[in-house]
Amino acid sequence: MRRPAPRRRGTLLAVAFLLPNLVLLGVFTYRPLLDNIRLSFTDWNISSPTATYIGFANYVEWFTSSASHAVLWNTAVFTAAAVIGSMALGLALALLLDRPLFGRNAVRSLVFAPFVVAGAAVGVAFQFVFDPTFGLVQDLLARVGVAAPAFYQDPEWALFMVTATYVWKNLGYTFVIYLAALQGRRAELDEAAEIDAASAWTKFRRVTWPQLRPATFFLLITVLLNSFQVFDIIDTMTRGGPLGNGTTTMVYQVYQETFVNQRAGFGATVATVMFLILLVVTLLQVRVMERGQER
Amino acid sequence: MTASGRRPLLRLTGAAATIAALALSGCAGTGSSEDSDAGGSGPVETLTFWSNHPGESKPVETELLEAFEAESGIEVNLVTAGKNYEEVAQKFNAALSGGELPDVVVASDVTWFNFALNDAITPMDDLWSATDVDSEGYVDSLREDYEFEGEHFALPYARSTPLFYYNKAMWAAAGLPDRGPETWEEWAEWAPKLAATNGGVAPMVLPDGSNYLDWYFQGMVWTFGGSYSDEWDMTFTSDETIEAGTFLQDQYRQQHIAVSNDANNQFGAGQAAALLQSTGSLKGLTGAADFEIGTAFLPGPTPGCPTGGAGLAIPERISDERKEAAMELISFLTNTENTVKFSQATGYMPVQKDAVDHPDMKPFLEQNPNFRTALEQLEVTSSQDYARVLLPGGGARIGAGLDRITIGGEDVKTVFGQLDEESTQVYERDIEPKL
């Protein structure tokens, strides 16, 4: 029997390794994605076995609804604040704990710990932190004579509350990535900067920060995607309120339309719009990163 | 393709995969689920019961199911299908789209109708005949809550009404008689006294719009002669409904009534003198508070108390054998003896007419006079307005509107006008074509 040519054998091997993963991706990711897009053109009550094709009616309704505009705004504010907040604080902590400090390993563990806690548990715990009557925040503010804001009744403070909670939970993730990047940077560049008597700021801006760019781009994409998907913290803390949609983001709108208003077709439309927004944002990010690398 | 050309594509693919998973988080396919016992006919050996254990009822549910197993020889899997009625409905909807269906499911006052309208749960009338269920034994108003087009789609299980709770010490400090206010006007007179003599605590706290304010306010609307709807005609803009909304807003502005996301704790910690809350919270509140709690009917002048809570339903798409076995389980869980046991463990209403005369009930009522209030109030309850319980998203929609006129301070006529318009639109789009 003749053995297959090395090139053909390599191809077969590649197929053998790739096929199971491609099948899983196709069945569990891309098929549901296509199914979702199909459903977005239907009027489908989640409890009904049948869906009726209605063309672009759901899309017209979503794009012309003032509620959807509010939801889009909430999503943009939450995502921007969550991405910037968790990355800036994560970087600051990583810079601090990259130094030889007493007990830094313990502190590193503490900073990372919230990231592995379930979002729903964090949401429930922070309900008490922000409780207007018994909460930690209220207590701390009262000690300096400041009345606690109406976290659960003022939509802007409610959005701040869920964002701050999410940043706290996510901080460990950005911290670990930045810390790994800092520890992998080239020591000789730091030494050269020190020999040149560069100030701490100049050293960070000219030497450290450029080496953190890949980590920053990676975090920008992953944190943005994760922030867009936050559901559990909002569900446990505010249920999308106050005043109806004070903290309703697009993911939460998908849930509300599908399971509360029973409009699974419309929920699929919101999910599809969200998918397209994320696709465009991700494409732009990748493009910017590629250009940065080309330079 | 070069390596540098492939990189963005690979990254993009990875991102798209993540996004796709997200995009589908709320949407399943429309494939209908098959019978849960595709194995065919024959005696039913096991049943699955999906519950959220309303009123912290898991221990008593387990006890009742063990008794059923001993009596019938049928094993019952008690599944925690969510932490509230909405989560159970969500899981049930997911099962309808292709998962494994339970045999008995808890269906709340706001979730059962959509299931009935879409043939997801089965009409019970024929099953009652087949399994000798005495439907007339159930409290009429509670049984009829599940009637649609002449058929019944659930039997009452964990049924509740709102109740007026008050802190007796604060009442005494304000020099008020040991009873609830008989009218909302009387309440408006009492509230300043309560605030003045109790260190400025909120005279009354109500759960906010995300926590069923729409349910508690419904009784208030009725006492003003208004309603959310008259069957499928929306009545948010009637003079009486507007008057009730204006009264609520005035009471909120005058700090006679506070609206909170955590009303129970606020009342239990002595930060409010009174509370409107479900009878299902009676046991929990009584156990948690370190002061004496009094209970009363909701203020009038006319009776204004809606029913609420949940019933037990059977999926349409299971076999007839399973339906009959499920009906027997429901009948067992809600018979006189067991509804008395369930009520005493949770604070929910007994659902059988003769439960009040059960030998276990008399000593219990003597020891728990607050529960007697809840029981007596049952006689003046009414089924809820369609706009809240039968329209998809009705409760959440009205709750958000009530948040807007209290917390948001928006004009009552404008907000109620929008509620009227939106509710009508939902009816015409989602309900009318299916009637």
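**View 1. What helix 8 of chain B packs against.** In this predicted model, the buried residues of helix 8 of chain B pack against helix 7 (168-173), strand 8 (202-207) and strand 12 (272-278) of chain B. Those buried residues are Trp187(B), Trp190(B), Ala191(B), Leu194(B) and Ala195(B). Trp190(B) also marks a kink of about 30°, shortly before the proline Pro192(B). Just after the helix comes Gly199(B), with a positive phi of about 65°.

**View 2. Chain B meets chain A.** Here 44 residues of chain B are in contact with 51 residues of chain A. On the chain B side, helix 1 (3-23), helix 3 (85-96), helix 4 (112-117) and helix 18 (394-406) each supply at least two residues. Helix 1 of chain B gives the largest share, twelve residues. Sorted by class, this side of chain B has 20 nonpolar, 17 polar and seven charged residues.

**View 3. Two cis peptide bonds.** One joins Gly241(A) and Pro242(A), with omega about 5°; Pro242(A) sits in the loop between helix 11 (232-237) and helix 12 (250-260) of chain A. The other joins Gly300(B) and Pro301(B), with omega about 20°, and Pro301(B) lies in the loop between strand 13 (293-296) and strand 14 (305-306) of chain B.

**View 4. Two glutamines with positive phi.** Gln262(A), in the loop between helix 12 and helix 13 (264-294) of chain A, has a phi of about 65°. Gln262(A) counts as buried, because it has 27 C-beta neighbours inside 10 Å. Gln255(B) has a phi of about 60° and is partly exposed, with 13 other C-beta atoms within 10 Å.

How values were computed:
Residues numbered from 1 in each chain as written. Chains lettered and ligands numbered in written order. Predicted model: local features only at pLDDT ≥ 70, side-chain atom pairs only at ≥ 80, totals over all residues. Bend = angle between axes of the 7 residues up to and from the residue. Helix = DSSP H or I, 4+ residues; strand = E, 2+ residues; numbered from the N terminus. Buried ≥ 20, exposed ≤ 12 C-beta atoms within 10 Å, placed from the backbone. Contact = placed C-beta atoms within 7 Å. Nonpolar A, V, L, I, M, F, W, Y, C, P; charged D, E, K, R; others polar.
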